[in-house]
Amino acid sequence: MQKIEGIITNAPKGGATYGNYQIENDTGDVEVQTLYTGVCGTDRGMVAGHLQFAYNPENQEFTVLGHEAVGRVIDPGSSRLFRKGDLVVPVVRRPGDCVNCRIGRQDNCSDGKKHEAGITGKNGFMRSTFFDTEEYLVKVPDQSMKDYAVLTEPTKNVMKAMEVFRKISERSIFTGEDSTYGSKRCVVIGTGPEAYLYAMAFSDLGFSTSITNRHTVDDNRLNICKFFNLQFVDYSTNEKAFDSGIDVVVDTSGDPGTILKFYRKLNYNGMVMLFGTNGKAQPSEISGVDIDLMIERNLTIFGTVDAAKIHYVQALEKLSRWGSLPNSPLKKLITGLYNPQDTTVFTRRNPTEIKAVIKWE
Ligand code: DN4
Ligand code: BGC
Ligand code: ZN
């Protein structure tokens with residue numbers, strides 16, 4: 001047994017408490033001091049008791065929360081890859097034994113028997129220290145990323161989704177006649193952290209990229225848009241903004257009615273990438289005309305979840321580039337730092353919040 005100081009929930013019932021607990025030993029002998037953990041909708045859903053797929057580790061009546069983390073190696077144990085002082089990001093998903101899990105692609109697990117730290121059957125990283133095996137730790141290449149490398153986990157999802165985008169876009173020529181994406185339009189629904197990271201990635205590919213919500217947004221959000229060349233559109237007052245057509249819709253809202261509204265504006269060979277989840281959203285009907293549109297225009301709607309270790313590496317490269325641009329507002333995606341004792345972070349959300357982060361150091 002191992003003693004920890006951290007934040008736990010009882011999955012799938014919910015709740016969040018901070019304290020000292022005894023847990024089964026972690027697997028692995030690399031000891032990591034947690035520096036920061038991000039709070040996301042998954043954590044809040046678990047605390048609210050809304051995620052029925054969440055479950056506690058075997059023989060334990062609680063789960064240590066947290067799947068978005070960055071830490072510092074205190075003791076590399078038997079690892080040859082890490083040294084004391086290295087910054088590391090832990091991988092969320094741990095493989096089961098299906099064919100995809102066996103090749104390091106537990107993000108594409110084919111029987112659901114994988115585990116996820118802080119979510120399904122494995123303790124997470126919202127605690128002052130944890131142990132892991134070197135295989136599931138990704139080295140942060142640059143110490144100057146310490147204060148924003150906690151964004152690696154949400155960015156890794158985007159890197160995996162870009163891999164899926166590339167595969168699907170191969171069904172036709174997706175670039176313009178000049179061989180670039182310069183004439184192509186991407187619209188990202190939502191203005192949370194994932195929406196920004198998606199929009200920044202599509203803008204980097206050369207897409208003319210918009211981010212949209214059903215209301216206006218604060219100056220911090222507008223400034224980040226300006227810097228990363230993203231157009232913000234309040235679609236509640238500017239319905240016509242997208243009438244000229246969209247090539248890629250990325251949804252981070254999980255709202256069926258909104259998704260359909262944007263789906264109906266897709267160009268030939270266009271696609272909708274579903275990423276946001278909201279089991280409580282109002283239903284919305286798909287009509288025969290919607291089906292015809294999908295067929296006649298070769299449209300694709302697909303979902304994407306999680307990511308492989310390679311995507312964490314790609315996420316770190318992206319974040320390093322975005323973060324080192326002169327006057328980069330990347331760190332402004334982190335809008336609040338909380339103490340571990342302040343569990344109200346799971347139940348309250350300030351409208352100007354993009355990403356809330358718990359500081360453990
Ligand atoms: P978030 O910060 O809650 O972002 C959701 C965004 O959607 C917010 O900006 C919402 O705005 C916006 N939104 C809600 N309803 C609408 C609507 N009708 N029209 C336009 N915008 C709307 O969450 P996040 O950015 O951390 O994550 C985005 C989603 O991805 C969440 O549903 C996560 O559960 C999901 N996710 C999936 C994976 C995975 O598949 C990983 C991480 C997250 P407002 O309501 O705040 O104004 O691996
Ligand atoms: C994490 C993913 C995980 C998913 C489970 C997300 O918040 O980023 O890694 O697979 O939750 O629903
Ligand atoms: Zn998350």
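The structure is a predicted model, in which local features need pLDDT of at least 70, side-chain atom pairs count only at pLDDT 80 or more, and totals for chains, interfaces and linings use all residues. Residues are numbered from 1 along each chain as its sequence is written, chains are lettered from A and ligands numbered from 1 in the order in which they are written, and side-chain values use heavy atoms, leaving out hydrogens and water.

Let us start with the metal. The zinc ion (ligand 3) is held by Cys 40 through SG, His 67 through NE2 and Glu 68 through OE, at 2.0 to 2.3 Å. Donors here are N, O and S atoms within 2.8 Å of the metal (3.2 Å for Na, K and Ca); water is not among the atoms, so the site may look incomplete. Along the sequence, the donor residues follow the spacing C-x26-H-E. Cys 40 sits in the loop between β3 (30–39) and α1 (41–48), while His 67 lies 27 residues apart from it, in the loop between β4 (63–64) and β5 (68–75), and the pair links distant parts of the chain. Helices (H or I, at least four residues) and strands (E, at least two) are DSSP runs, numbered from the N terminus. Cys 40 counts as buried at 14% relative accessibility, and so does His 67 at 3%. Buried means under 20% relative accessible area, exposed over 50%, and partly exposed in between (1.4 Å probe, protein chains only).

Now to the cysteines. A disulfide is a covalent bond between the sulfur atoms of two cysteines, counted here when the two sulfur atoms are within 2.5 Å. Searching the whole structure turns up zero disulfides. The sulfur of Cys 98 has its closest cysteine sulfur in Cys 101, but 3.7 Å is too far for a bond. Cys 186 is in no disulfide either, as the nearest cysteine sulfur, that of Cys 225, is 13 Å away. Cys 98 is buried at 7% relative accessibility, and Cys 186 is buried at 0%.

Finally, look at ligand 2. There are 13 residues around it, and Thr 42, Glu 116, Glu 153, Lys 156 and Asp 306 come nearest; a residue is near if one of its heavy atoms lies within 4 Å. Oxygen atoms of ligand 2 lie 2.6 Å from a side-chain N or O atom of Glu 153, 2.7 Å from one of Lys 156 and 2.5 Å from one of Asp 306. Taken alone, ligand 2 exposes 320 Å², and the protein buries 85% of that (Shrake-Rupley method, 1.4 Å probe). Helix α3 (residues 152–169) gives the largest share of the shell, three residues.

How values were computed: A polar contact is a pair of N or O atoms within 3.5 Å; within protein, one must be able to donate a hydrogen and the other to accept it, and residues adjacent in sequence count only if both atoms are side-chain atoms.
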